[in-house]
Amino acid sequence: MFKKILVFPTLLLCVLISCSSGDSGGGKTPDNPKINVAINTEIVGTTVQMLNGDGNGLVKFNITPSSGVSYKIVFGDGEIAETTTGTITHTYKSSGTKTYTIDVTVFNGLKYFTATKSIVVFVATIQVWGDEFNIDGAPDSNKWALQLWDPGRVNNELQSYTNRPENVIIEGGVLKIKAIREKYGKGDFTSARLESNGKFDFTYGKIVIRAKVPTGVGTWPAVWMLGSNIGSVGWPACGEIDILESVGKNPNQNHSSLHSPGRSGNTPDTSTIKVPNDNTEFHIYTADWRADYIKFSVDDVVYYTFVNSDKFPFNKNFYLIVNLAMGGVWGGPVDPNFTSSTLQVDYIRVYN
């Protein structure tokens with residue numbers, strides 16, 4: 001009778017502890033499987049009034065036992081860390097009040113032990129980058145690099161990209177990229193392309209663009225993003241996110257698309273929305289990019305939701321591009337009467 005009383009609590013304890021164990025060497029039961037992995041969390045900025053933090057998204061983790069050889073932490077927001085210490089900090093970036101499930105694995109030789117915990121974190125919506133284009137003259141060189149390209153470098157496009165004020169200038173609080181029919185260098189058209197590569201990139205956020213597109217068959221304006229690792233992995237492995245993209249042969253229509261390996265070029269990950277008077281009035285184009293989805297909208301009307309996951313390359317740093325192309329594989333033949341037209345951007349804002 002006395003022995004039964006001792007055994008029962010031990011079995012009950014094994015059921016209640018939030019940990020499991022295994023053996024990476026053939027699945028054998030470890031010699032000492034009874035170890036309780038604890039995930040201790042501190043949400044920075046917590047107060048009586050703000051139980052889920054003050055909005056900075058910073059969480060401190062202290063994982064015990066501290067005797068583990070290594071630790072793997074899945075933060076629940078698409079990011080993973082592997083470390084040799086049980087103490088680590090992580091910043092959640094997706095705005096709003098959200099619940100995250102943290103999975104931890106503690107490795108000790110061939111043995112491993114796991115635990116799971118859910119936390120609720122509040123992240124305030126703040127602007128982390130932007131350009132209001134409020135200073136007349138050339139674009140801010142701290143934010144943008146102007147590309148100098150000959151025609152045909154990508155997509156069989158017809159324009160030469162220049163840094164001349166005739167093609168790119170800020171006037172009256174608006175960025176103006178002007179495509180011109182003219183003999184220049186190796187081509188018959190000039191235009192401009194701005195990139196934030198090497199100056200600003202980011203993972204996840206809300207990108208808001210207020211713009212007015214050019215007029216004319218053959219024009220191909222875009223505000224879009226490429227993975228910052230394009231130099232090492234190439235396209236489409238780097239990923240591409242198109243927010244504002246239109247072609248003059250299909251007026252009053254915006255395209256939002258994603259390109260990734262096996263789903264590039266004529267990608268199935270795309271949708272369109274009618275945008276009346278898009279070449280005579282400014283409209284607001286938005287991409288809400290998160291670990292689990294990317295939502296595209298124009299003037300606050302959501303028209304495409306892409307289900308994101310870790311199998312796609314949309315979970316790392318991307319940089320911004322603004323350009324006006326002419327012709328090419330999608331722009332098509334240019335109207336013989338085309339002389340010039342301008343893409344105008346009032347602002348670009350990036351929120352966490």
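Five bridges join strand β4 to strand β7 (residues 96-108), and the two run antiparallel. I start there and then move to a second sheet and a pocket. First, the basis: this is a predicted model, where local features need pLDDT of at least 70, side-chain atom pairs count only at pLDDT 80 or more, and totals for chains, interfaces and linings use all residues. Residues are numbered from 1 along each chain as its sequence is written, and side-chain values use heavy atoms, with hydrogens and water left out.

Strands here are DSSP runs of E with at least two residues, helices are runs of H or I with at least four, and both are numbered from the N terminus. Two strands count as paired if DSSP finds at least two bridges between them.

Back to β4. The hairpin of β4 and β5 has five residues between the strands, and G76 takes a positive phi near 90°. Which residues of β4 are on the covered face? Y71 and I73 are, while S70, K72 and V74 make up the uncovered one.

Next, the open sheet. Three strands form it in the order β2-β3-β6, with antiparallel pairing. β2 (38-43) and β6 (87-91) are at the edges with a single partner strand each, so one side of each has no neighbour in the sheet. Direction ignored, neighbouring strands of this sheet are turned by 25° against each other on average; the axes are lines fitted to C-alpha atoms. β3 (residues 58-64) pairs with β6 over five bridges, and the bridge partner of N62 in β6 is T87.

Last, the largest pocket, with a volume of about 760 Å³. A pocket here is an open set of points on a 1 Å grid over the protein atoms alone, where a 1.4 Å probe fits, with protein on both sides within 12 Å along at least five of seven lines; lining residues have an atom within 4 Å of a point. The volume is the space filled by probe spheres set on the points. Of the 29 lining residues, the closest to the centre are N155, W220, W224, W235 and E240. Which element gives the most to the lining? That is β17, with four residues. Others that give two or more include β18 (240-245) and α3 (328-331). By class, the lining has 12 nonpolar, 10 polar and seven charged residues. Nonpolar means Ala, Val, Leu, Ile, Met, Phe, Trp, Tyr, Cys and Pro, charged means Asp, Glu, Lys and Arg, and the others, Gly among them, are polar.

Technical notes
Buried < 20%, exposed > 50% of the residue type's maximum accessible area, 1.4 Å probe, protein only. Axes fitted to C-alpha atoms, helices over the stretch in contact; angles between N-to-C directions.
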